[in-house]
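Here is a short report on one protein model.

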Amino acid sequence: MESYDYIVVGAGSAGAVLASRLSEDPDVRVLLVEAGGSHLDPAVQTPAAFPQLFKSPVDWEFYTEPEPHLGGRRVFQPRAKMVGGCSSMNAMVYIRGSRHDFDQWADDGAKGWSYDEVLPLFKRSENNERGADDYHGTGGGLNVADQRSPNAVSQAIVAAAIESGLPANSDFNGADQVGAGLLQVTQKGGIRCSTADGFIDPHRGRLNLIVMENTVVERLAIENDHCTGIYVKRAGQSAFLRADREVILSAGAFGSPHLLMLSGIGPADHLSQHGVSIVVDNPNVGSHLMDHPFYLLNFETPATGTLADALTPESVAQYETHQTGLLSSNIAEAGGFFHTRDDAAPDQQLMGGPTYFNAHGFDTYPRPAFFLGASMVGARSTGVVRLRNGDPAAKPSILFNYFADPLDMTSMVSAVERLRDIASQPALREYVVAEIHPGADVVTRADIEENIRRTVEHTYHASCTARIGSETTGVVDPELRVHGVTGLRIADASVFPRIPHGNTNAAALMVGERAASLIAASGD
């Protein structure tokens with residue numbers, strides 16, 4: 001039996017940050033357990049290559065149950081299986097969410113999580129190449145940069161969005177979210193900067209930070225309502241690893257509730273159906289699942305120099321020599337936020353880029369194209385994560401219930417109309433040959449709705465399945481301690497009380513920072 005002070009389960013966006021911070025204290029031994037392996041692969045490090053990681057050995061490759069409001073489609077859900085987690089596989093967009101998100105969390109009972117309280121945590125994790133100011137920090141592990149080689153098509157998308165009435169916005173993490181501009185990215189020198197790069201690799205020399213890769217956690221050990229450690233399988237061998245102080249789950253919005261339920265923490269009737277002994281009856285475990293549906297319009301373009309040319313010898317040589325050019329693109333280069341309804345925060349996020357992008361990047365098109373996408377950051381529909389059975393090796397059952405709330409569909413149809421208006425603006429006219437998706441035959445709002453149900457994707461932002469709340473409304477308290485069990489916390493996107501209005505990676509890092517501060521303050 002091996003013993004550590006803290007065991008962090010999952011080396012992803014939050015877990016890597018948390019383990020790094022905890023190990024700053026040389027008097028504690030920190031074990032970081034990761035089911036996957038190394039992130040040091042050219043397809044991970046090269047920004048434009050991230051779609052190649054989907055359905056690869058570094059992807060858990062989840063699928064939903066038949067989605068009732070999408071015609072029974074099973075929706076592909078990639079999740080990274082490597083050090084750095086989804087920060088090693090995402091589109092590198094650096095967005096935190098709106099001020100309203102975090103103030104609403106605090107108003108709903110998440111004490112200590114208001115915008116003014118979490119802003120220093122965002123700044124702590126960040127090294128923004130623009131420099132430090134009221135909204136940004138320097139010196140953190142996550143390098144945030146302007147794009148090295150923004151494409152002319154992406155710049156035209158921004159110009160067209162401004163012509164359509166959106167204000168210019170150079171910082172979506174600053175004073176206001178609304179507007180259009182080029183996105184900042186989590187890159188350093190044209191190479192992806194994940195939490196593995198920023199928080200783990202620089203500190204592998206610490207003797208008190210042990211990173212255990214290719215190790216699957218099967219369940220938690222709970223004795224007398226106290227979590228004493230974890231049961232793992234590594235290289236075909238089972239073992240028990242003891243935590244003298246705490247276990248912290250950072251396995252993500254699918255993995256963390258799945259492990260809780262396998263360990264007897266969850267809805268009692270559901271656990272009983274799968275032969276799991278009940279430790280804590282909490283129906284909130286795995287519930288309240290949220291995401292941002294993502295609908296894409298594609299346009300054929302006469303433009304040269306799009307990502308259709310990314311793998312030419314000249315482009316490859318430019319990237320290998322200077323880490324600039326097409327392969328430094330994060331694909332979603334252009335961004336913006338806008339309202340389709342009278343919400344406190346914008347309910348839609350614009351993302352666009354100089355390539356054809358459809359079906360998670362698996363579809364192809366024979367000629368150059370560009371895309372405009374609407375990510376519904378004001379989504380209200382919720383779903384569930386449940387056990388498929390009691391076998392730790394079985395993937396969880398996932399149902400997002402996209403568009404269960406009819407207001408979500410109303411918003412998305414309006415967003416499609418807005419994106420078409422942007423595509424019609426003078427700045428983009430010379431770049432449009434024809435609309436590929438949804439196409440000229442999709443005209444009315446009813447037509448658009450039908451097409452959305454048939455083809456909509458998502459923005460890979462699963463969250464809220466172990467949310468902060470009371471013992472009757474949530475899974476963890478505001479200090480991220482699991483209700484009903486001592487010695488156990490959760491720190492990842494699953495604890496979000498509600499999904500933020502924007503990409504979720506930065507907020508997950510913030511949770512890792514917050515967890516480290518809470519644990520240090522607890523004196524455990």
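## Glu65 and its surroundings

The side chains of Glu65 and Ser397 make a polar contact at 3.2 Å. A polar contact is a pair of N or O atoms within 3.5 Å; within protein, one must be able to donate a hydrogen and the other to accept it, and residues adjacent in sequence count only if both atoms are side-chain atoms. This is a predicted model: local features need pLDDT of at least 70, side-chain atom pairs count only at pLDDT 80 or more, and totals for chains, interfaces and linings use all residues. Residues are numbered from 1 along each chain as its sequence is written, and side-chain values use heavy atoms, with hydrogens and water left out.

Glu65 lies in the loop between β3 (62-63) and β4 (76-77). Helices (H or I, at least four residues) and strands (E, at least two) are DSSP runs, numbered from the N terminus. Glu65 is buried, at 18% relative accessibility. Buried means under 20% relative accessible area, exposed over 50%, partly exposed in between (1.4 Å probe, protein chains only). Beyond its neighbours within four places in sequence, Glu65 is in contact (heavy atoms within 4.5 Å) with Arg73, Arg74, Arg388, Ser397, Ile398 and Leu399.

## Cysteines

How many disulfides does the structure hold? The count is 0. A disulfide here is a pair of cysteine sulfur atoms within 2.5 Å. The sulfur of Cys86 has its closest cysteine sulfur in Cys464, 15 Å away, so the two are too far apart for a bond.

Buried or exposed? Cys464 is buried, at 0% relative accessibility. Cys86 is partly exposed, at 24%.

## Helix α7

Helix α7 spans residues 252-262 and is mostly covered, with 10 of its 11 residues buried. Among them are Phe254, His258, Leu259, Leu260 and Met261. Gly264 follows α7 and has a positive phi, near 95 degrees.

## Packing of α1 and α13

Helix α1 (residues 15-22) packs against helix α13 (residues 505-522) at an angle of about 30 degrees, and their axes are 7 Å apart. Axes are lines fitted to C-alpha atoms, for helices over the stretch in contact, and angles run from 0 to 180 degrees between N-to-C directions. The angle makes α1 roughly parallel to α13, a term for angles under 35 degrees.

On the α1 side, the contact is made by Val17, Leu18, Arg21 and Leu22. On the α13 side, Leu509, Gly512, Glu513, Ala515, Ala516 and Ile519 take part.

Notes. Parallel < 35°, antiparallel > 145°, perpendicular 65-115°, else oblique.
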